[in-house]
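Me: I would like to go through this structure by asking what stands behind each label.

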Number of protein chains: 2
Amino acid sequence: MSNYTPLSELGEFGLIKRLNEKIELTQPSTIKGIGDDAAILEPGEKQIVVTSDMLLEGVHFDLTFCPLKHLGYKAVAVNVSDIAAMYAKPTQITVNIALGAKYTVEAVEELYEGMRLACENYGVDLVGGDTTSSRTGLVISITAIGEVAKGNAVLRSGAKENDLICVTGDLGAAYLGLQILEREKQAFMADPEMQPQLEDRQYIVGRQLRPEARMDVIHDMKERDIKPTSMIDVSDGLASELFHICAQSGVGATIYKDNLPVDEQTLEAAMEFKLDPITCILNGGEDYELLFTVPISDYDKVKNHPDISIIGKITDKSEGINLANKHGQSFPLQAQGWQHF
Amino acid sequence: MSNYTPLSELGEFGLIKRLNEKIELTQPSTIKGIGDDAAILEPGEKQIVVTSDMLLEGVHFDLTFCPLKHLGYKAVAVNVSDIAAMYAKPTQITVNIALGAKYTVEAVEELYEGMRLACENYGVDLVGGDTTSSRTGLVISITAIGEVAKGNAVLRSGAKENDLICVTGDLGAAYLGLQILEREKQAFMADPEMQPQLEDRQYIVGRQLRPEARMDVIHDMKERDIKPTSMIDVSDGLASELFHICAQSGVGATIYKDNLPVDEQTLEAAMEFKLDPITCILNGGEDYELLFTVPISDYDKVKNHPDISIIGKITDKSEGINLANKHGQSFPLQAQGWQHF
């Protein structure tokens, strides 16, 4: 441990100085970043979108299996995902962090390195925030700001009857990745000599530990002139997000079970844990994919897109929200979501 | 306790719905508030300023003596104070809150009522955020956004030699208010029958529990055409903030001990606790007053302002940062600030 620096050695201002040295500003709308009472931004003609999320140790992440660098990356990505779901371009973030005294300077640098990487990947400037102490676990609270041309933001409320329901990537992987990590943690606690069995589950474990915001799909949709009528990111689970879109748009929906995108590893892991894969797909959450609707006239634009699956259609509100199987049978969908309290 | 509602009864979405019902949007730049993946703002020609602060139970506040309504108010005010220190007008906030399971719906409503009151007083819209659970104490993380005409923001870096150093209100009160609250807490813990002795200390206790951001002075300065050359809010203590201004402006400063504004209750409490009042004034912190500099040509505009004291002058960097007494003796000032780690 002799190569590690306790936080008390640097102090708050020293720590902030050291972390900030690595921060580069690249956004033209960032006039002033860290170093004053507030950052200064100049979005010009554009509208800005603002979203904020907080992650707490023991509630949202478990440091026994979550490397700090991945955690830093994820904390930024989940906020960028909300910006993506507005059809906007992320531009700046502010980061508030509370650290227990047990943290070393090097550990905090790992966390920041993950955030810095995410900022680099998404083209985002870290422009401010607050570093303080916590008597208990690590707390990360991030606010992300993005830009969108006036009137171009996509809300949850624009879905219309007959719209196609689409989702990016595949679903359920992050949830099953978490089950695997929890199992290996239990095994490790029972026998600290054991080596975790993750080799053939890299993909789904990675989906849990280091999810990506689907900015790639947003850029692509803009290029192909696909503008969704409604959009939301899948953080609580597909079913829960679909309920939000239907409630805010005043519509119903039918999802086709066979069209739900799922990775082979997710199916294998579901079987291993004796979990219904459809439940994992619908209610697993933390996929950070995008759920959106497009007019049926956009069918040709989305049908062969490698990262987009057409999973259903918007119906009249009176029809409710249903899951249909290949035999044409329909069952009302349940939104489970997460109970935080 | 039968009239209190456990959080689990409402659930996350129910709680958010109940809290949001009371939120009104008044800012013309708020296009969409709570209810989507992100809020939408339209600042138009203006620049925006962004600041973020996190408060943790057991570190920044003690719920044994801090009423939740005051805490909610303070959490907003300390962020608005940073916006004020940029010479900007606060317009929106996002609020992230983590709550322990012990909280009742009514307790959370108290907290939000304080935030709502602050929003109303400062003319700010609550446009987004995140409510989640905490395994330990309460965490509040707020991001505040403000507007300022292009190029009009006041930074810490603009102080020039011979500028007057000014401060609003009085200093040291919040720190001594905290000493009193801590003492009464100890007394209460020793004897739960005791009644707290706060009658003749209302002012300084109030300064600790429910500080105000000095937006009133900012509005007034704008009306009187006073534009500071540099500004910072006093959160860590006057000395620490003065060091920031001097470092970023590349100047020195002399503060006149006899000009430091202090309330009678602060002096009395300092005597009671056998604390040097000057140390409390210089290093107490949490006053949320504004420390700023103006050109000497603005002397007539500030000299008789009831809320502004001229406490010193900016000097050449080589002279350092000094405290002068009435006999003309000068001593180097120490910035103590707060050690968070």
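**Labels and the values behind them**

Me: What makes the pair Lys150(B) and Glu42(A) a salt bridge?
Reply: This is a predicted model, and in it the side chains of Lys150(B) and Glu42(A) lie 3.1 Å apart, N to O. The cut-off is 4 Å between a side-chain nitrogen of Lys or Arg and a carboxyl oxygen of Asp or Glu. The pair therefore counts as a salt bridge. Across the interface of chain A and chain B, the rule finds six salt bridges.

Me: How many residue pairs are in polar contact across the interface of chain A and chain B?
Reply: There are 31, with both residues at pLDDT 80 or more. On the side of chain A that touches chain B, strand E3 (residues 47–56) gives the largest share, nine residues. By class, that side of chain A has 30 nonpolar, 24 polar and 15 charged residues.

Me: What area is buried between chain A and chain B?
Reply: About 5,500 Å², with 56% of it from carbon and sulfur atoms. In contact are 69 residues of chain A and 69 residues of chain B.

Me: Why is H4(B) called roughly perpendicular to H5(B)?
Reply: The axes of H4 (residues 173–190) and H5 (residues 202–209) of chain B cross at roughly 100 degrees and come within 7 Å. Angles of 65 to 115 degrees count as roughly perpendicular, so H4(B) and H5(B) get that label.

Me: Which residues of H4(B) and H5(B) meet?
Reply: Among them are Tyr175(B), Leu178(B) and Leu181(B) in H4(B), and Tyr203(B), Ile204(B) and Arg207(B) in H5(B). The contact of these helices has 11 nonpolar, two polar and one charged residues.

Note on methods:
Residues are numbered from 1 along each chain as its sequence is written. Chains are lettered from A and ligands numbered from 1 in the order in which they are written. This is a predicted model: local features need pLDDT of at least 70, side-chain atom pairs count only at pLDDT 80 or more; totals for chains, interfaces and linings use all residues. Side-chain values use heavy atoms; hydrogens and water are left out. Axes are lines fitted to C-alpha atoms, for helices over the stretch in contact, and angles run from 0 to 180 degrees between N-to-C directions. Helices (H or I, at least four residues) and strands (E, at least two) are DSSP runs, numbered from the N terminus. Angles under 35 degrees count as roughly parallel, over 145 as roughly antiparallel, 65 to 115 as roughly perpendicular and the rest as oblique. Contact means heavy atoms within 4.5 Å. Ala, Val, Leu, Ile, Met, Phe, Trp, Tyr, Cys and Pro count as nonpolar, Asp, Glu, Lys and Arg as charged, and the others, Gly among them, as polar. Buried area is the accessible area (1.4 Å probe) that two parts lose on being put together, summed over both. A polar contact is a pair of N or O atoms within 3.5 Å; within protein, one must be able to donate a hydrogen and the other to accept it, and residues adjacent in sequence count only if both atoms are side-chain atoms.
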